[in-house]
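Please look at the sequence and the structure below, and keep both in view while reading the report.

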Amino acid sequence: MKIHHTHHFITAVCCLAFSFSSVAQKVNEPTKIDSNWIKNYEPFRIAGNLYYVGTYDLASYLITTKKGNILINTGLASSAAQIKNNIGKLGFKFSDTKILLTTQAHYDHMGAMAAIKKQTGAKFYINKGDAATAASGGATDYEMGKYGATYEPVEADKILKDGEIISLGEMKLTLLNHPGHTSGSCSYLFKVNDSSRSYTVLIANMPTIISNRRFEEITTYPTISEDFANTLKAMKKVNFDIWAASHASQFSLHEKHQPGDVYDPSVFTDKQSYLEYLNELQKDYDDKIKKDVATGDEKK
């Protein structure tokens with residue numbers, strides 16, 4: 001199966017400046033983007049109380065509980081209205097959102113976070129490694145920070161660590177620290193149930209490399225090479241029944257599900273495609289290390 005990588009490189013970026021009264025700096029969300037990032041997509045039930053509420057490619061996930069709901073990732077700034085509408089289409093209340101999470105602190109997953117936090121009053125939790133980046137609107141990110149603040153800054157209500165349990169109602173999500181793509185990239189592991197069985201679900205942040213610079217040159221993130229290596233190793237060992245990712249294209253959503261399809265969790269149980277993708281990313285990492293060494297030797 002051919003895996004489509006989703007990259008964050010931006011060329012010939014035109015920026016649209018948004019001014020927020022609560023923010024001293026301008027927020028410049030890049031406008032040179034993949035059209036699939038803003039394209040509407042019909043929300044649907046993945047498995048049990050887990051739902052897809054994102055755009056065609058920017059994945060957002062709703063986990064419903066008896067005590068309110070959890071939303072993972074918010075897409076671009078424009079995605080706020082789409083996510084709200086999608087939650088409503090599924091028969092749930094947007095205002096019942098109690099906890100906001102992200103798999104990484106880049107603008108294509110954090111763009112609407114501040115707005116949704118304000119609109120719902122939900123608490124924003126984030127992995128420790130990305131807390132400062134989120135609070136800066138992405139301006140302190142080792143790679144994307146060169147564009148300044150690319151989303152409205154969001155202060156964390158709670159800073160999480162590897163292995164921490166996020167609880168709401170009957171749900172318990174385990175945060176898995178998977179840094180590299182960002183210094184606080186993470187995945188979430190949890191169980192959902194339907195009338196027939198229980199499923200262990202992994203919402204994975206795939207460790208794609210977004211910088212052309214040698215790892216040694218990324219001085220603001222000195223452990224990046226080690227983090228990528230450890231994340232690739234750790235992710236290959238995760239046990240799950242169903243998996244999804246930060247981008248729909250990363251887990252071939254549109255090959256597995258079409259709008260209007262009947263409920264079928266089994267289409268998301270393909271662990272082989274997950275391992276194939278990780279193997280491809282491992283090759284990308286290994287190739288980059290070789291290139292970095294060769295380039296480093298040339299400079300000596």
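Predicted model: local features only at pLDDT ≥ 70, side-chain atom pairs only at ≥ 80, totals over all residues.

## The partners of strand 6

Strands of a sheet pair through backbone hydrogen bonds, either parallel or antiparallel. Strand 5, made of residues 61–65, pairs with strand 6 in the antiparallel sense over five bridges, and a hairpin of two residues joins strand 5 to strand 6. Within this pairing, Thr65 stands opposite Gly68 of strand 6.

Strand 7, residues 97–101, pairs with strand 6 in the parallel sense over four bridges, and here Ile72 stands opposite Leu101 of strand 7. Together with helix 1, which spans residues 79–89, strand 6 and strand 7 make a right-handed β-α-β unit.

Another part of the model to examine is an open sheet of five strands, in which the order is 10-11-12-13-14 and the pairing is mixed. Strand 10 (165–168) and strand 14 (242–245) stand at the edges with a single partner strand each, so one side of each is left without a neighbour in the sheet. On average, neighbouring strands of this sheet are turned by 25° against each other when direction is ignored.

Inside this order, strand 11 (residues 171–177) and strand 12 (residues 186–193) run antiparallel and are joined by four bridges. Thr174 has Leu189, in strand 12, as its bridge partner.

Technical notes
Residues numbered from 1 in each chain as written. Heavy atoms only, no water. Pairing = 2+ DSSP bridges. Right-handed = clockwise from strand over helix to strand, strands pointing away. Axes fitted to C-alpha atoms, helices over the stretch in contact; angles between N-to-C directions.
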